[in-house]
Amino acid sequence: MKKVIYTLKNVMKTYESFSEITHALDNVSFELYKGQVIVILGPSGSGKSTMLNVLSGIDNPTSGQIIFDKVNIEKMSEKELTEYREKNLGFIFQSYNLIPNLTVYENVELGSHLSENTLDIAEILEIVGLSEMKHKFPYQLSGGQMQRVAIARAVAKNPKVLFCDEPTGALDEKVGKQTLKLLQDINKKYNTTVIIVTHNPAIALLANMVIKMNSGKVVSITENENTIDANEIGWA
Ligand SMILES: Nc1ncnc2c1ncn2[C@@H]1O[C@H](COP(=O)(O)OP(=O)(O)O)[C@@H](O)[C@H]1O
Ligand SMILES: [Mg+2]
């Protein structure tokens, strides 16, 4: 039985600047399921990052409902939202946002701060293949290695949901696939719900569910019976 983790009902996010009105999210409704890999796919400006921001409570929707595990996020106070994020969510971005004067180990350890359910740092470093690098500093790493540190840091608190905004945007094909494989491994091992935002259609093939967006609207929702391994995808 699939369990719902997020329900969106008629979500709107509207920006007004000068005389221009942009519907970054235009009447969006769907359900996401626990333990799945979900890809939000669309061209630049289609509302993907806005979607990620309202799901994670970084931004308030203009109207509509966003329900996480039976609780309405859009009704939460700032304090409740902070708690919701700290307890449940991990984030990975295209830029790795590592702390330059902390080692790999210390950067990852930082991610487990404020969590009740932390994973063993040595175990995570093993999974991301960085055990040998744990005393190195970010400037001594390649882009792919930095992204793996960022993933390890996000996973350290064993989040229920891992949000990834263009996680392979700055990586070449080979390293990009390794990064996606790692996200798949984490999804399987910890049953983490992984939500990947991308403009790259090839990445959609590894998702259980693909939400395609354009101009703030959901244009299609596809469920993949058979997902493929990150190593097997072609690259756009
Ligand atoms: N803070 C903002 N103020 C005004 N317009 C915004 C703001 N954030 C996003 N937008 C607009 O909303 C639309 C969706 O943006 P975004 O969610 O960043 O798209 P994507 O991540 O798919 O590239 C774009 O037209 C963008 O210009
Ligand atoms: Mg974006």
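Which residue in strand 8 is the bridge partner of Leu 41? The partner is Thr 198. Strands here are DSSP runs of E with at least two residues, helices are runs of H or I with at least four residues, and both are numbered from the N terminus.

This is a predicted model, where local features need pLDDT of at least 70, side-chain atom pairs count only at pLDDT 80 or more, and totals for chains, interfaces and linings use all residues. Residues are numbered from 1 along each chain as its sequence is written, while chains are lettered from A and ligands numbered from 1 in the order in which they are written.

Start with strand 8, residues 193–198. Strand 3 (residues 37–41) pairs with strand 8 in the parallel sense over five bridges. Two strands pair if DSSP finds at least two bridges between them. Strand 7 (residues 161–165) also pairs with strand 8, parallel, over five bridges. There, Asp 165 stands opposite Val 197. From strand 7 the chain crosses through helix 6 (residues 173–190) to strand 8, in a right-handed β-α-β crossover. Right-handed means that, with the strands pointing away from the viewer, the path from the first strand over the helix to the second runs clockwise.

Now look at the two faces. In a regular strand the side chains alternate between the two faces of the sheet. On one side of strand 8 lie Thr 193, Ile 195 and Val 197, and on the other Val 194, Ile 196 and Thr 198. All of them are buried. Buried means that 20 or more other C-beta atoms, placed from the backbone, lie within 10 Å of a residue's own.

Ile 38 touches Val 194 and Ile 195, among others. Such a contact needs C-beta atoms, placed from the backbone, within 7 Å.

Note on methods. Contact = placed C-beta atoms within 7 Å. Buried ≥ 20, exposed ≤ 12 C-beta atoms within 10 Å, placed from the backbone. Lists of a residue's contacts leave out its neighbours within four places in sequence.
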